[in-house]
Amino acid sequence: MAAIEIERLTVRFGDVLAVDDVSIQIEEGEFVSIVGPSGCGKTTLLNLLTGLLPLESGGISILGKRPFAGNPEVAYMLARDSLLPWRSTLANASYGLEIRGVAKELREAKARQLLARVGLADFERHWPKQLSHGMRQRAALARTFCLDSPVMLMDEPFGALDAQTKLQLEDLLLELWNAERRTVVFITHDLGEAVALSDRVIVMSARPGRIVKQMPIDLPRPRSVRALQKSHEFHDIYSDLWEALEAGMKGAPAMIE
Amino acid sequence: MTAGLRVYAAHAAFIATFLGLWEYGARTEFLPQLFFGSPAGIVAYLWDGFAVSKKIWLDLGYTVSGTLISFVLGATLAMALGLAFVILPKLEQAMDPYLMVLNAMPRIALAPLFLLWFGLGIGSKIAIGTSLSFFIVLANTVAGVRGVSPDHITLSRSLGASPSQIFFKVTLPSAVPVIFSGLRLALIFSMLGVIGGEIIAAEHGLGQVLSYQQATFNMNGVMGLLALLACLGMLVTRGMSRLERALLKWQ
Ligand SMILES: Nc1ncnc2c1ncn2[C@@H]1O[C@H](COP(=O)(O)OP(=O)(O)O)[C@@H](O)[C@H]1O
Ligand SMILES: [Mg+2]
């Protein structure tokens, strides 16, 4: 059974067709990136998977269930770090577990573990405003992984970071993911990031969002995003996908094979 | 001498010179005492009021307690209503036009009405002060609650937070800084309302004494009371800022 099944999904906002007839299957433990121009419905897709938006046309199943807000099997990470500024790093990292009703001692112990893994062990008492962008995104990663959900949805989590910090966090994400190999749907507009991280990359067209191309990424794991920057194979895959992405920018209707 | 100390010294020197010239002008009758009083006369007036006849304490008490009661009453009602608006958006829609009209009205112009309804005593002053502080805190509570980050709400909803969890863990804490700046302003305006009411008609209070001193051409009294009110206002703002800093360390 696939972990996530999206079948013939179509989304309209009033008269605007945002997502058009999209079907995606994602296996358990697979890391899939979805790349596409801004406004092609990537965030909308995740909002449907988390049950924040009602499904109107098409089918979605996540580990055999229909999406619903508060699904403990799904962890959502937003584009901006969305740390609560009045909470310490520790209280932010354990926020998800707190909402899910985990007892204080348990959730704080778990959050401390994750903060150590993301390199923030010494910052648990700091306020978000005292952390750099990169550190804040590390804290958000800790909060997301703290949930232990088998499915993780990430919406351009590193989109706002500078290139150096981004590389560090991509490697950190791979390290965290490699330990447990959960199912990940990773949204990005950065094709290089998508290729470096994923088992498969799905390219979407400009609005209305359609799938333009899907490509498995057969680079060996474990990977280092930094090391990949110098690999020929990486650049070949990149330029293949780039063509599809460029064609899709103009709103290419048909699937490129 | 440190830079900070030097600044204090400069201020002290300036004030001393200013008061010295004022006193000199008053004694040589270059500055008529009928209009400007004199520093020595002001000190004598305040000394008498606080230490000899001790009459000023009672009026100070009236003004301060009127201010505090108006502030607490106005702020509590406003926060309760503002937060009720979050839970019942329909209530806000229904009340909005009325609140707008009431807020647009210069509240001090209601003083004669309040005096008629609540009498010459502290009640009418509290009514004026409350009518001022209420709208300030209400506006800030509503703005604070509206300013909540949609990302925080999205994240919490995806985690399955209930409406009350979202209210207490996200909406309310995010509104606190804005509510607080409203509270600081409301405290000043409560004082303004109370003193304004006392000036118009009262039996006690610093405003009443001020208007009496003015009517009897005692400029030392007027100036002394103005200085006292300035100190009171500063004390109030300082206290609020300190409380704010202690409570909002995360900002
Ligand atoms: N709630 C909404 N109401 C109306 N239009 C919306 C709404 N949410 C998204 N859209 C539109 O749907 C399209 C897809 O949006 P989104 O999923 O945020 O794109 P992406 O994340 O790929 O940049 C955009 O054109 C956007 O304007
Ligand atoms: Mg988006």
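Student: In which sense do strand β3 (residues 31–35) and strand β8 (residues 200–204) of chain A pair?

Tutor: In this predicted model, local features need pLDDT of at least 70 and side-chain atom pairs 80 or more, while totals for chains, interfaces and linings use all residues. Residues are numbered from 1 along each chain as written, chains are lettered from A and ligands numbered from 1 in written order, and side-chain values use heavy atoms, without hydrogens and water. Strands are DSSP E runs of at least two residues, helices H or I runs of at least four, numbered from the N terminus, and two strands pair if DSSP finds at least two bridges. Here β3(A) and β8(A) share four bridges, A:Val32 being partnered with A:Arg200, and the sense is parallel.

Student: Which strands stand at the edges of the six-stranded sheet in chain A?

Tutor: The sheet is open with mixed pairing, in the order β5-β6-β7-β3-β8-β9. Two strands each have a single partner, so one side of each is left without a neighbour in the sheet: β5 (74–77) and β9 (211–216) of chain A.

Student: Where does the largest nonpolar core lie relative to domains 1 and 2 of chain A?

Tutor: This core (buried Ala, Val, Leu, Ile, Met, Phe, Trp, Tyr and Cys joined through side-chain atoms within 4.5 Å; buried means under 20% relative accessible area, 1.4 Å probe, protein chains only) has 119 residues. Its largest share, nine residues, comes from helix α9 (residues 163–200) of chain B. By an automatic or database assignment, domain 1 (1–73 + 150–220 + 240–257) and domain 2 (83–148) of chain A both give residues to the core, so it lies between them.

Notes. Buried < 20%, exposed > 50% of the residue type's maximum accessible area, 1.4 Å probe, protein only.
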